[in-house]
Amino acid sequence: MTDRNKKLHIEGAIFDLDGTLLDSTYVWEDFGNRFFDGTGITPRPTLRDDIRSLTLRQAAEYCIKEYGINRTPEQLMDHINENLRSFYAEEVKLKKGVQAFLRFLHEKGVPMCVATATDRRLSESALERYGLLSYMSDIVTCTDTGLSKNTPAIFEYAREKMGGPSKEHTFVFEDAFHAIKTARSGGYGVVGIYDVSEERNRKEIERLSDLYIADFEGLDACFE
């Protein structure tokens, strides 16, 4: 489903992490249930959909409010991040073609930034493992900024961190439908990346994207 015939001018790149650069969304599919470890509480079957578009803090606050968990948001967030630390540092895999494409942008002098809901330390450990951390102007996280991907403000913040490249030629690389809608509404170019977690929204993602790709293999041919 990739249109490789388009040639797009790129001056800045904002990358999501999970499901975009990293093949990692499967590890988050039950992360909401992990909030309930040791509580004796069984969440509703709809929990994953209820918190899908929330930041980690918002999800923790939601579970505390809705289910009466006797823990602070910080305690729940720390619990999740500690459980995932070794996965990001030692196990997580890149999406196909990521290293070559990021090297291509780096050699062209295109500034890059990560915008993610994932904890900064987890993000850094995964990118450092593959030698990609130095390519990034910054890692912008929802937790650090207090911003979610339900408004374009997080992409504006990331663009500023990259030195303010032209919005018209700054592309957001995303797999999540809600974040793609936000990026498009904010006036950014969008590269939609297929991930099985968003299969049900595939047609809408493809419609909203300037490019819709299965992976990053050969993607450099689409940009100038």
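Select strand β1 (residues 12-15) and strand β6 (residues 170-174): four bridges join them, and they run parallel. Strands here are DSSP E runs of at least two residues, helices are H or I runs of at least four, and both are numbered from the N terminus. Two strands pair if DSSP finds at least two bridges between them. Now pick F15, which stands opposite F173 in β6.

This is a predicted model: local features need pLDDT of at least 70, side-chain atom pairs count only at pLDDT 80 or more, and totals for chains, interfaces and linings use all residues. Residues are numbered from 1 along each chain as its sequence is written, and side-chain values use heavy atoms, without hydrogens and water.

Next, show the whole sheet. Six strands form an open sheet with parallel pairing, in the order β5-β4-β1-β6-β7-β8. At the edges, β5 (136-141) and β8 (211-213) each pair on one side only. From one strand to the next, the twist averages 20 degrees.

Helix α6 lies across β1, β4 (112-116), β5 and β6, at about 150 degrees to β1. Angles run from 0 to 180 degrees between N-to-C directions, with axes fitted to C-alpha atoms, for helices over the stretch in contact; contact means heavy atoms within 4.5 Å.

Finish at D18, R48, R52, A117 and H178. Of the 26 residues lining the largest cavity, these lie nearest its centre. A cavity is a set of points on a 1 Å grid over the protein atoms alone where a 1.4 Å probe fits but cannot get out; lining residues have an atom within 4 Å of a point. Elements giving two or more residues to this lining are α1 (25-28), α3 (47-51) and α10 (177-185).

Methods
On a 1 Å grid over the protein atoms alone, a cavity is a set of points where a 1.4 Å probe fits but cannot get out, and a pocket is an open set with protein on both sides within 12 Å along at least five of seven lines; lining residues have an atom within 4 Å of a point.
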